[in-house]
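Please look over the structure first.

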Amino acid sequence: MSNDRDRPMKLLLATDGSECAHRALDFLRVLSLSSDSELMILTVIDREVYGNGKEGEALDEEHRETRLRINEMLASDAGKLLEREAGRFGDPHLRISTRVVYGQPAEEIVKVAEELDIDLIVMGNHGLGGMKRFLLGSTSDLVMQHAACSVLIVRPDLTGDTDDSMRLEHPLHILLAYDDSRYARHAAEFCASLPMDEKTQVTALSVLPLVKIYRQDVSQQLERIWKEKRKVAEAGLAWVTESLPWKTQNVSSQLREHPDVSETIIDTADELDIDMIVVGDKGTGAIKRFLLGSVTRRIAHHAPCSVLVVRQKPE
């Protein structure tokens, strides 16, 4: 287990008071946060909504006073929002702090997360009605792309026979996408460290990408390689289910074969009525952020449930 998991988990919940943000808060409550967890609830007042202040000198006195009143009103509303959201957790022992900041929302969320050495950012997505899959809104997409830490995007539940209203009524079911890479191993360790109820179900899934070869000589060579890959995948899944310190005993694994890895993960989430997919990602580079890997990106954008993208924070 990495050193950053030897201390209480530090979480940042980004909220704007919308339905999507309320869904993220409710999902976080399902995780059964321990009393030693630290939760920062953050809201960002977007300067683009009411002006960035650069044109202030060009305004007359009346307009400056109007802007000042608007600023005060927005700050007051934001403070009341954070107070309400903090009160919804109902745990007097949970260490909760709140903050109002001004600026571009995604940029400020990432900045505060780095400042506070946050382990996990939690926020809602913004779905586009009428589509089969929910795409990420611009803010959640930018945060997922650029945050140095792990990010949980909470979506409406479109899997199986359950919906959001039923989430509190049944044990959480997590799908851990695992490929035995170091990113996947870190994601598995991070997942095992999450606060979770003992009834939580975890399914570790490995997908071996099928390749169709019609030449018999090549096919025979690939069959030997394939058997070896399968052994490695089975050993990796055994490590996940048997060696990690899970807080629940309901941990199982599946090994599937399919030409499209991300599609299989998404379809499995739907089939198993998954509440959250956990997937590892490269994280940050020394100069700029890496873009999400192709499989991670497809899952993040098209999953029928919430998605946790796990990154190992830079030293």
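Predicted model: local features only at pLDDT ≥ 70, side-chain atom pairs only at ≥ 80, totals over all residues.

**Helix α5**
- Helix α5 spans residues 138-146.
- Its buried residues are T139, S140, V143, M144 and Q145.

**Helix α6**
- Helix α6 covers residues 182-193, which makes 12 residues.
- From first C-alpha to last, α6 reaches 17 Å. That is close to the 16 Å expected at 1.5 Å a residue.
- Nine of the 12 residues of α6 are buried, so the helix is largely enclosed by the rest of the structure.
- The buried residues are A184, H186, A187, A188, E189, F190, C191, A192 and S193.

**T264 in helix α8**
- T264 sits in helix α8, residues 261-271.
- T264 has a relative accessible area of 7%. It counts as buried because that value is under the 20% cut-off.
- The T264 side chain makes a polar contact with the side chain of H258, at 3.3 Å.
- Beyond its neighbours within four places in sequence, T264 is in contact with V207, R256 and H258.

**Largest pocket**
- The largest pocket holds about 550 Å³ of space.
- Its lining has 26 residues. Y178, D179, D180, S181 and V261 lie nearest the centre.
- Elements giving two or more residues to this lining are α6, β7 (201-209), α7 (216-243), α8, β9 (276-280) and α9.
- Strand β7 gives the largest share, five residues.
- By type, the lining of the largest pocket divides into 15 nonpolar, six polar and five charged residues.

**Second largest pocket**
- The second largest pocket holds about 390 Å³ of space.
- It is lined by 21 residues, and T15, D16, T43, V44 and P105 are the closest to its centre.
- At least two lining residues come from each of α1 (19-30), β2 (38-45), α3 (61-87), α4 and β4.
- Strand β2 supplies the largest share of this lining, four residues.
- The lining of the second largest pocket divides into 12 nonpolar, six polar and three charged residues.

- Helices α6 and α8 are both among the elements that give two or more residues to the lining of the largest pocket.

Note on methods
Residues numbered from 1 in each chain as written. Heavy atoms only, no water. Buried < 20%, exposed > 50% of the residue type's maximum accessible area, 1.4 Å probe, protein only. Polar contact = N/O pair within 3.5 Å; in protein donor to acceptor, adjacent residues only side chain to side chain. Contact = heavy atoms within 4.5 Å. Expected span 1.5 Å × (residues − 1). 1 Å grid on protein atoms, 1.4 Å probe; cavity = no way out; pocket = protein on both sides within 12 Å on 5 of 7 lines; lining within 4 Å. Points joined across faces, edges and corners; volume = space filled by probe spheres on them. Nonpolar A, V, L, I, M, F, W, Y, C, P; charged D, E, K, R; others polar.
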